[in-house]
Amino acid sequence: MMERIRFDFGNLMASNVDGGVDASVLAGLLADRFKDAHGSVMARREQGDLGFLDLPYASDTASRVSELADGFAQWFEDVVVLGIGGSGLGAIALKEALLGPFWNAMSDEERDHFPRLHVIDNPDPHTFSRLLDRLEPGRTLFNVVSKSGATAETMAQYLVARAWIEAGVEEEKARGHFLFTTDPASGVLRQIGDAEDVLMLPVPPNVGGRFSVLSPVGLFPAAVCGAALDELLAGAADMEQRCQTDHLTENPAGMLATLLHQADVTSGRPIHVLMPYVDRLRPVALWFQQLWAESLGKSVLVTGEEHHTGPTPLAALGARDQHSLLQLLMEGPHDKIVLFVDVDDPGVDMEIPPRHPGIPALAYLGGHSMGHLLATERAATAEALRREGRPNATLHLPRIGAGELGQLLMLFQIATVYAGAMYGIDPLDQPGVELSKRLTYGLMGREGSEIPEMPEHDARYVL
Ligand code: PA5
């Protein structure tokens, strides 16, 4: 049974923390600003730009994904997802949250005979060759994920994987070891798939990479390992419905976007730290990092002048990063806000056995559980930050079920488009990544690309 996630933003309010938001400002100026942002997001939805909001209701797609996943799960022992950025991070987030740690090291029985899942989101030859050395071509499926169907890193991995499969299985069977997830009509991956009769799943044209986690991009890898898609999508739908109101105090994504935007533009806190206190959500923090950065880091013209906007997201993990970042968060510049993620029921817990009763530094731990220690450290850290005048907030998940995860992922995506409206930028594009792609094409000799002139290395500046 899915329970709703809760957003506790008390430690961002002036009544609790120095420099926090005044309740009257929240009820007045910020509530009005949110109404405008909500209106412009709804207008974009009407125009058909925000396809991610409709994904929880795409039941035909979910059925097709489940059907393919069920078949593939019976044939293959290893599924390798090839995809980068929005085409890889969502699958990693779902894998870790829903399948838990060490999935690939578990026995067939422990995995209920579902395949191992590898998401390779970087074309590092060391990683890829070591993985291939461990796989059996005849029992391996590659899910090649690219919305554009032309991303250099993913296509390079595909070409290597294709040759590896062809060297290891009968020629006519090779195409059966691939599933392409790509645009339904355009792109070279679609062309290859059509020409070679490779099975394919669609990424809706109005769903961009970093908003695609609930499309077949994330759904197939999750489903092939047995994740409950209906619960995931029901959770996302529930959040989508909670966020249909333009009343700020009732809209969790609106509140999140409003407070983070306010922290940046008014309180001089452009660094937004997302810090879950559970290992399984660490990849969600990395997924959020991309979502927030690529969507909101933009240059805009305001009355003819170029302005640069965008908070800097930072993925952290509690309690580990209390021993890495916390010193900076407590005493460094007042330029950060911390968003914790806490899980009420960790699912698995371990009692800490009492031992060494005569050593107070250890004796107090005995009789508690490790889950309780983590939760206590989160609460203590939030309070320590508050006492130092460091605003923070907490997202509470009742548990890490598919439904709760669906809510969380939808919450962040809706908050991102609201924040885009507040910053006055388009959160759906990423023009800033094009130049390095063009230079790469030129340097790699892609036909039709200009070979770029690169500055000589100046020996004076190389040690
Ligand atoms: O969020 C985005 O749009 C990007 O991070 C893309 O997902 C990434 O560049 C990969 O693109 P593609 O799916 O076209 O290979």
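**View 1. Strand β7 alongside strand β11.** Strand β7 (residues 271-276) pairs with β11 in the parallel sense over 6 bridges; pairing requires at least two DSSP bridges between two strands. Strands here are DSSP runs of E with at least two residues, and helices are runs of H or I with at least four, numbered from the N terminus. Leu274 stands opposite Leu339 in β11. The model is predicted: local features need pLDDT of at least 70 and side-chain atom pairs 80 or more, while totals for chains, interfaces and linings use all residues. Residues are numbered from 1 along each chain as its sequence is written, and side-chain values use heavy atoms, without hydrogens and water.

View 2. Buried means under 20% relative accessible area (1.4 Å probe, protein chains only). One side carries Lys336, Val338, Phe340 and Asp342, and the other Ile337, Leu339, Val341 and Val343. A further 6 bridges join β11 to the parallel strand β12 (residues 392-397), where Ala393 stands opposite Leu339.

**View 3. Asp264 in helix α9.** Asp264 belongs to helix α9 (residues 252-265). Asp264 is buried yet has no salt bridge, and Arg269, the nearest side chain of opposite charge, is 10 Å away. A salt bridge needs a side-chain nitrogen of Lys or Arg within 4 Å of a carboxyl oxygen of Asp or Glu; Lys and Arg count as positive, Asp and Glu as negative, and His and the chain ends are not counted. Leaving aside neighbours within four places in sequence, the contacts of Asp264 (heavy atoms within 4.5 Å) include His272, Gly310 and Tyr423.

Notes. Buried means under 20% relative accessible area, exposed over 50%, partly exposed in between (1.4 Å probe, protein chains only).
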